[in-house]
Amino acid sequence: VARPQEDLDPPFVRGCSNDLLLEAPRENATLVMLARNSDLQGAVNTLQSLEAAFNQFYHYPITFLNNEPWSQEFIDALTNTVSGDAHFEVVNGTAWGYPPFIDQDYARSRMLAQERDGIRYAGQESYHHMCRFNAGPIFDVPALQRYRYYWRLEPDAVDFPCALTYDPFTRMRAARKLYGYTVALWEVDTTVPSLFRRVAAYKRAARLPTTDLWRLATAPSRLPLPLRWLLGHLVQTRAPTGDAWNLCHYWSNFEIADMDFFRSPAYRAFFAHLDAAGGFYYERWGDAAVHSLGAALLLEPAQLHFFEDLGYTHGPFQNCPENAKGAQREGARELAAHDGWNVASESEVGVGCRCRCRPETVQNKPTC
Ligand code: GDP
Ligand code: MN
């Protein structure tokens, strides 16, 4: 499968960059991790890995978010793990919990039904709150208002196996990128039965342009593939065959984004429309699908960035800069059928992550 041309979205760096040598000013950015006190060990693991791969050079601050008060144990352990300032914030009120227009009895009955149907996490009220929070309210958290960019992290089963020898926030700003991702996957269809219908209705109601989308979605090989899928399937909402979305979405447990996009009137209106439909509770909409569809609807393709050069593993999926793209496809036939050259596969985990630049070879100077 031919790699698409990269006109719109070339990698920021191939191999190790010299940025480390520069005393460049830091961006207005923070790392962000939503976690529970019980996630302590996982949070330490993720951040030890990120420090080794990246933050030991850049010392970006981190903002921890929790819906409950932090334990002193968590605060002490994480403060000792990170090299930048650590802030421990509690979110509550309207950000975490049912919005007033949700019928809570109906929501709980739907959650039980979803659980009976075997939908993972669907029986946990807190999981629904978490998804809704990450899809919208997080961007209004007071402690995040002074930052423009965030790098979203998760505790547990996260690893950054390769060195990142440049500042991704600086590159995002310079390249006018608003949303960056490492892995694209298919959403579990039973979690989003009505999501795409709502998105399509919103597109019509808001009179979002379709002609440009059509041109971009059908232009050969000029777009990052996941974006092309999303656009193509959004455009299909106009077709006589009705709504279609192939469930492709950016996996938002890794995300580097310009929060001004998510704070824009356009994204706010999009989120409010979906929120009002109740699908964060009556179904089990994930924030990843909502972010992805919002980005596909509201951003120009060139404003998205695939961090091809950034090693990331979470659970069975990963993005590894030097792993053979062919092997990735071989390991994931379904993905191959979708031309998913940048979709990590489970089988690749066995061979480990191959990097262009490894943390242990970087000693404050890029020698690799
Ligand atoms: P998955 O990634 O969809 O499998 O779900 P996770 O269990 O990994 O949760 C995703 C993120 O949300 C992680 O950062 C969790 O720590 C966080 N999270 C999930 N539920 C809660 C919750 O009830 N409270 C808090 N504070 N964080 C949560
Ligand atoms: Mn996770």
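This is a predicted model: local features need pLDDT of at least 70, side-chain atom pairs count only at pLDDT 80 or more; totals for chains, interfaces and linings use all residues.

Reply: Start with helix H1 (residues 40–58) and helix H2 (residues 72–79): their axes come within 10 Å and cross at roughly 15 degrees. Angles under 35 degrees count as roughly parallel, and H1 and H2 are therefore roughly parallel to each other. As for handedness, H1 passes H2 in a right-handed crossing. On the H1 side, the contact is made by Leu-40, Ala-43, Val-44 and Leu-47, while H2 brings Glu-73, Phe-74, Ala-77 and Leu-78. Sorted by class, that contact has 7 nonpolar residues, 1 charged and no polar ones. The spacing is worth a thought too: an α-helix has 3.6 residues a turn, so residues three or four places apart point the same way.

Now for the surroundings. Ligand 1 has a shell of residues that includes Leu-34, Ala-35, Arg-36 and Asp-39, along with Asn-66 and Asn-67. By class, the shell around ligand 1 divides into 5 nonpolar, 4 polar and 3 charged residues.

Last stop, helix H6 (residues 195–205). Its buried residues are Leu-195, Phe-196, Arg-198, Val-199, Ala-200, Tyr-202 and Lys-203. Among what covers them are helix H10 (265–277), helix H11 (279–282) and helix H12 (287–298). Just after H6, have a look at Arg-207, which takes a positive phi of about 55 degrees.

Note on methods: Residues are numbered from 1 along each chain as its sequence is written. Chains are lettered from A and ligands numbered from 1 in the order in which they are written. A residue is near a molecule or strand if its C-beta atom, placed from the backbone, lies within 6 Å of it. Ala, Val, Leu, Ile, Met, Phe, Trp, Tyr, Cys and Pro count as nonpolar, Asp, Glu, Lys and Arg as charged, and the others, Gly among them, as polar. Axes are lines fitted to C-alpha atoms, for helices over the stretch in contact, and angles run from 0 to 180 degrees between N-to-C directions. Helices (H or I, at least four residues) and strands (E, at least two) are DSSP runs, numbered from the N terminus. Angles under 35 degrees count as roughly parallel, over 145 as roughly antiparallel, 65 to 115 as roughly perpendicular and the rest as oblique. A crossing is left-handed if the near helix is turned anticlockwise from the far one by less than a right angle, and right-handed if clockwise. Two residues are in contact if their C-beta atoms, placed from the backbone, lie within 7 Å. A residue is buried if 20 or more other C-beta atoms lie within 10 Å of its own, exposed if 12 or fewer, and partly exposed in between; C-beta atoms are placed from the backbone.
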